[in-house]
Amino acid sequence: MEEFEASSSAKKTKAIYISTVFGIAMVLLMVGLLGLILVHANNLSRYVKENIVVNVYVDETTRETDVLQLQKQLDSHPFVKQTQYVSKELAARKMQKDLGEDFIKFLGVNPLSESIDVYLKAEHANNADIAAFKAELLKNPLVKEVNYQAPLVDKMNQNLASITLIILVFAGIFVVVSVALINNTIRLAIYSQRFLIKSMQLVGATKSFIRKPFLLYGIWHGLLGALIAIIILVGTLFLAIKQIPDLVILQNYTEFGIVFLGVVGLGVLISGLSTFLAVNRFLRLKIYDLYR
């Protein structure tokens, strides 16, 4: 009978620990998914900002060598990510493609000017920096005109800021909820061991001696839950890329690694801390309080 009770108790404890690990894994999975959404949203914001074009038109009398020299100067500017030289012929081909007809044949001459398409760094893709950049460019005698879509830039930055704020608010709420769920899961698991904790205390075991194996189990469960969550997250990423190939341009494996490390750290930290607090709670309880 004692062997049966011991076996039954061991199975029950194992089942509790397994459910605890999977409970932690599911919560960390949601946190990880939110982290990946934040990474993709940030990269999408950067991608959109870095594809805003500032058209720098040069004087018609400017030689091509001077234009290429100007392009080199722009490439070294702290605001600029990259530039593209657009010759009159290339500009004409783009215009013909947009219009769907050969306007040069109709006009008899190519009226377009040579230009340089400037793509700014994401942190400088705002109207204030672009306006300062434009004023600086217009001081150059080679530059005839600088164009960009100011209303579009302003609207884009407002929308991206609003979306980022909403995602961050949800992230904050989700982290708080996640901490609460993992804490409750750990407390329930420790609750099933409350009589064992008190028995060890009654036979003279110190608090640190009693606490140590529970803490190790708590940290191990947090680590296992995090690893399960990461495996599912990696599978989700591969599936998403397979379904939406364009997501490749938003991939940043360094940031993904930070998210995964954050999931592991959060799982271990919350599990360890929750275990510590739960064990301490039962160590302080009187024997008769264990039955409440």
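**View 1. Leu 165 on the surface of a predicted model.** Leu 165 counts as exposed because its relative accessibility is 55%; exposed means over 50% relative accessible area, buried under 20% and partly exposed in between, with a 1.4 Å probe and protein chains only. This is a predicted model, in which local features need pLDDT of at least 70, side-chain atom pairs count only at pLDDT 80 or more, and totals for chains, interfaces and linings use all residues. Residues are numbered from 1 along each chain as its sequence is written, and side-chain values use heavy atoms, with hydrogens and water left out. Leu 165 sits in helix H6 (residues 150-191). Helices (H or I, at least four residues) and strands (E, at least two) are DSSP runs, numbered from the N terminus. Together with Val 169, Ile 173, Val 177 and Leu 181, Leu 165 makes up a nonpolar surface patch with about 450 Å² of accessible area. Patches take residues with over 30% relative accessible area and no salt bridge; like charges are joined within 9 Å, and nonpolar side chains (Val, Leu, Ile, Met, Phe, Trp, Tyr) within 5 Å. Areas come from the Shrake-Rupley method with a 1.4 Å probe; for residues, only the protein chains shown count as cover.

**View 2. The whole chain.** Nine helices and four strands make up the secondary structure. Their order along the sequence is α-β-α-β-α-α-β-α-β-α-α-α-α. Of the 292 residues, 37% count as buried. The accessible surface comes to about 17700 Å², and carbon and sulfur atoms hold 65% of that area. Among contacts with a separation of 6 or more, 80% join residues 24 or more positions apart. Contact means heavy atoms within 4.5 Å.

**View 3. Aromatic pairs.** The count comes to two aromatic pairs. Rings of Phe, Tyr and Trp (its six-membered ring) pair if their centres lie within 6.5 Å; planes under 30 degrees apart are stacked, over 60 edge-to-face and the rest tilted. Phe 79 and Phe 133 form a tilted pair, because their planes stand at 40°, with ring centres 6.4 Å apart. Phe 79 lies in the loop between helix H2 (64-75) and strand E2 (80-86), and Phe 133 in helix H5 (residues 127-138), so the pair ties together parts 54 residues apart in sequence. Phe 79 is buried at 18% relative accessibility. Phe 133 is buried at 1%. The pair of Tyr 253 and Phe 256 is edge-to-face, with 5.9 Å between centres and 90° between planes. These two residues are three apart in helix H9 (residues 253-284), so about one helical turn separates Tyr 253 from Phe 256. Tyr 253 is exposed at 64% relative accessible area, whereas Phe 256 is buried at 2%.

**View 4. The buried side of helix H7.** In H7 (residues 194-202), the buried residues are Arg 194, Ile 197, Lys 198 and Met 200. They lie on the same side of H7, because their arc around the axis is only 160°. The arc is that of the directions from the helix axis to the C-beta atoms. These buried residues pack against H6, helix H8 (207-243) and H9. Gly 204 follows H7 and has a positive phi, near 105°.

View 5. Ser 271 is in helix H9 and is buried, with a relative accessible area of 0%. Beyond its neighbours within four places in sequence, Ser 271 contacts Ile 24, Ile 182, Ile 186, Gly 218 and Gly 222. Ser 115 belongs to strand E3 (residues 115-120). Ser 115 is buried at 5% relative accessible area. Leaving out residues up to four places away in sequence, Ser 115 touches Val 56, Tyr 57, Gln 84, Tyr 85 and Val 86.

**View 6. Salt bridges.** The structure holds three salt bridges, each a side-chain nitrogen of Lys or Arg within 4 Å of a carboxyl oxygen of Asp or Glu. Glu 50 pairs with Arg 46, with the closest N and O atoms 3.5 Å apart. Glu 50 is buried at 16% relative accessible area; Arg 46 is partly exposed at 38%. Arg 46 also bridges to Glu 123 (3.8 Å, N to O). Arg 46 lies in helix H1 (residues 2-49) and Glu 123 in the loop between E3 and H5, so this pair ties together parts 77 residues apart in sequence. Arg 63 and Asp 66 form a salt bridge at 3.3 Å, N to O. Arg 63 is exposed at 55%, and Asp 66 partly exposed at 25%. Shared partners join Arg 46, Glu 50 and Glu 123 into one network.
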